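Biologist: Could you walk me through this model and tell me what stands behind each label? I would like to see every value set beside its cut-off.

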Amino acid sequence: AMKRDERQNANMGLRQIAAALSGLGYTNLRDIAFEGGHYEVEATDPDGHNVKIYVNVVTGKVLRSKRED
């Protein structure tokens, strides 16, 4: 038998993504969008810069971030 939420819950939800980013020091999370295999999140990084963060939907790992300001 398959474990109950093995497949249906493979992707991380918005709440989990937000929690993971907050744990990394990002604040003011806004405009979270799902874009073909990753999330794009606009946020403020730990140094106070506005950034766009690209996040893997399965692992929640930050793929890259780029300054917006």
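Modeller: Let's start with a facing pair: in E2, the bridge partner of Phe34 is Tyr39. Please keep in mind that this is a predicted model, where local features need pLDDT of at least 70, side-chain atom pairs count only at pLDDT 80 or more, and totals for chains, interfaces and linings use all residues. Residues are numbered from 1 along each chain as its sequence is written, and side-chain values use heavy atoms, with hydrogens and water left out.

Biologist: What makes E1 and E2 a pair of strands?

Modeller: Two strands pair if DSSP finds at least two bridges between them. Strand E1 (residues 27-35) and E2 have five bridges, in the antiparallel sense. Strands themselves are DSSP runs of E with at least two residues, helices are runs of H or I with at least four, and both are numbered from the N terminus. In the hairpin of E1 and E2, two residues lie between the strands, and Gly36 takes a positive phi near 45°.

Biologist: Why is the pair of Phe34 and Tyr39 called edge-to-face?

Modeller: A search of the whole structure finds one aromatic pair. The ring centres of Phe34 and Tyr39 are 5.5 Å apart and the planes stand at 65°, so this pair is edge-to-face. Rings of Phe, Tyr and Trp (its six-membered ring) pair if their centres lie within 6.5 Å; planes under 30 degrees apart count as stacked, over 60 as edge-to-face and the rest as tilted.

Biologist: Why does His38 count as buried?

Modeller: His38 has 19% relative accessibility, so the label is buried. His38 is in strand E2 (residues 38-44).

Biologist: How do you know that the side chains of His38 and Glu40 make a polar contact?

Modeller: Their side chains are joined at 3.3 Å. The cut-off is a pair of N or O atoms within 3.5 Å; within protein, one must be able to donate a hydrogen and the other to accept it, and residues adjacent in sequence count only if both atoms are side-chain atoms.

Biologist: What sits over the ring of Tyr54?

Modeller: The charged end of Arg64 does, 4.2 Å from the ring centre. The rule asks for NZ of Lys or CZ of Arg within 6 Å of the ring centre and within 35 degrees of the ring normal.

Note on methods:
Buried means under 20% relative accessible area, exposed over 50%, partly exposed in between (1.4 Å probe, protein chains only).
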